Amino acid sequence: MRLVRYSKANTDYRLGITNGRAVRDISTIDGVSATTMIDIITDWEKVSTALKDVVDFNIPLSDVQLHAPIACPGKILGIGLNYAEHAEEGGAALPEDQMWFSKPATTVNGPYDPIKLPLASDQLDYEVELVAVIGKRCRHLGRAAAQDAIFGYCIGNDVSVRDWQLKTTQVFLGKSFDTHAPFGPWITTADAFDPTDAALSCHVNGEQRQRSRTSKMVFDCADQVAHLSQVMTLEPGDIIFTGTPSGVGALMTPPAWLVEGDRVRCEIEGLGMIENVVEAEVKGDTVATAAGRRH
């Protein structure tokens with residue numbers, strides 16, 4: 001199944017199920033009372049029963065605006081140097097241990113909404129990534145249980161501001177600018193997607209910059225979830241950016257930073273695509289508050 005969060009003609013946010021061409025409002029389906037995507041994930045055993053026979057997708061996708069599937073994840077976690085080719089292009093040794101950072105909830109952005117070119121830097125970069133969505137509260141998992149803890153998958157762009165990322169040994173600030181975690185366009189549930197060997201790519205203004213396969217990850221999705229669960233309790237709706245392949249703008253000669261008007265398209269085989277245009281930040285710009293994104 002594919003689950004979306006959407007709005008229509010400036011109405012309130014809605015939750016829906018899609019077949020890729022049209023949407024059905026989940027609130028019109030008997031047996032579903034969830035009001036947030038995290039509610040749906042938490043109550044999935046019950047909700048999935050109500051959704052499994054839906055055939056009437058009555059709202060064309062062209063009539064709605066798709067938003068980030070989860071408005072305010074409890075955690076946004078990202079792994080660094082998780083493709084050997086990406087480590088190699090940067091002259092870094094292949095990591096023996098998983099390298100993690102986090103992104104704040106204010107980075108959340110819709111699959112087709114603008115990415116802000118910040119006032120504080122012109123070193124704006126892209127990173128196409130598979131995003132895994134946690135489906136249950138869990139801790140201290142082995143590999144098999146970790147795979148079962150993944151609810152579904154999205155496409156993400158771990159947008160990065162490189163000078164802020166590399167100022168210190170802590171990369172957090174360079175990963176934390178507002179709007180710099182677009183993901184979606186929907187959550188494809190784990191039973192409908194195989195994360196082990198899917199093609200992923202990134203194009204900027206139609207030019208291919210990145211292309212690889214998820215099979216080339218150093219640590220696969222189950223490895224990542226198992227490792228994180230040794231440290232922290234993972235909860236429904238937490239999202240994990242699982243790493244990017246080679247081809248980032250920072251490591252081109254000369255560096256190819258994103259500029260205003262650039263169109264960045266990230267695709268993953270079996271999941272679809274997201275596309276975001278770079279827009280200059282204006283002083284005083286703010287993203288919606290967490291409360292405003294809850295629905």
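1. Let me start with helix α6, where Cys221, Ala222, Gln224, Val225, Ala226, Leu228 and Ser229 are buried. Buried here means under 20% relative accessible area, exposed means over 50%, and partly exposed is in between (1.4 Å probe, protein chains only). That makes seven of the nine residues of α6 buried, and the helix mostly covered. Its buried residues pack against β6, β7 (99-102), β11, α4 (143-148), β12 and β17 (239-241). Helices (H or I, at least four residues) and strands (E, at least two) are DSSP runs, numbered from the N terminus.

2. A word on what you are looking at: this is a predicted model, in which local features need pLDDT of at least 70 and side-chain atom pairs count only at pLDDT 80 or more, while totals for chains, interfaces and linings use all residues. Residues are numbered from 1 along each chain as its sequence is written, and side-chain values use heavy atoms, with hydrogens and water left out.

3. Now the chain as a whole. Its secondary structure amounts to seven helices and 19 strands. The radius of gyration is 18 Å, close to the 19 Å that the globule rule gives for 295 residues, so the chain is as compact as a globular protein of that length. The radius is taken over C-alpha atoms, and the rule is 2.2 Å times the number of residues to the power 0.38. Along the principal axes, the C-alpha atoms fill a box of roughly 55 × 45 × 30 Å.

4. On burial and surface, 53% of the 295 residues count as buried. The accessible surface comes to about 13000 Å², and 50% of it belongs to carbon and sulfur atoms; these areas come from the Shrake-Rupley method with a 1.4 Å probe, and for residues only the protein chains shown count as cover.

5. How far apart in sequence are the contacting residues? Among contacts between residues at least 6 apart in sequence, 75% join residues at least 24 apart. Contact means heavy atoms within 4.5 Å.

6. The largest nonpolar core has 39 residues, of which Leu124, Leu130, Tyr153, Val225 and Ile268 touch the most other members. Such a core is a set of buried Ala, Val, Leu, Ile, Met, Phe, Trp, Tyr and Cys residues joined through side-chain atoms within 4.5 Å. At least two residues of this core come from each of β9 (115-117), β11 (128-134), β12 (150-157), β15 (199-204), α6 (221-229), β18 (263-268) and β19 (272-280). There is also a second, separate core of 29 residues, including Ile40, Ile76, Phe151 and Cys154.

7. Beyond its neighbours within four places in sequence, Leu124 is in contact with residues including Ile115, Leu117, Pro118, Val159, Val161, His180, Trp257, Leu258 and Val278.

8. Back to α6 for Gln224, which sits in that helix. At 0% relative accessibility, Gln224 counts as buried. Leaving out residues up to four places away in sequence, Gln224 touches Ile79, Asn82, Gln98, Trp100, Met217, Phe219, Ile240, Phe241 and Thr242.

9. Ile76 belongs to strand β6 (residues 76-80) and is buried, with a relative accessible area of 3%. Its contacts, again not counting residues up to four places away, include Phe101, Pro104, Val108, Ile239 and Phe241.

10. Apart from residues up to four places away in sequence, Ala190 touches Ile150, Phe151, Gly152 and Tyr153. Ala190 and Val133 are 57 residues apart in sequence, yet 9.1 Å apart in space, C-alpha to C-alpha.

11. Two cis peptide bonds to look at: one joins Gly184 and Pro185, with omega about -5 degrees, and Pro185 lies in strand β14. Another joins Thr253 and Pro254, with omega about -10 degrees, and Pro254 is in the loop between β17 and β18.

12. Finally, some backbone angles. Leu81 has a phi near 50 degrees, a positive value in a residue other than glycine; Leu81 lies in the loop between β6 and α3 (84-89) and is partly exposed, at 22% relative accessible area. His140 also has a positive phi, near 55 degrees. His140 is in the loop between β11 and α4, and at 52% relative accessibility counts as exposed.
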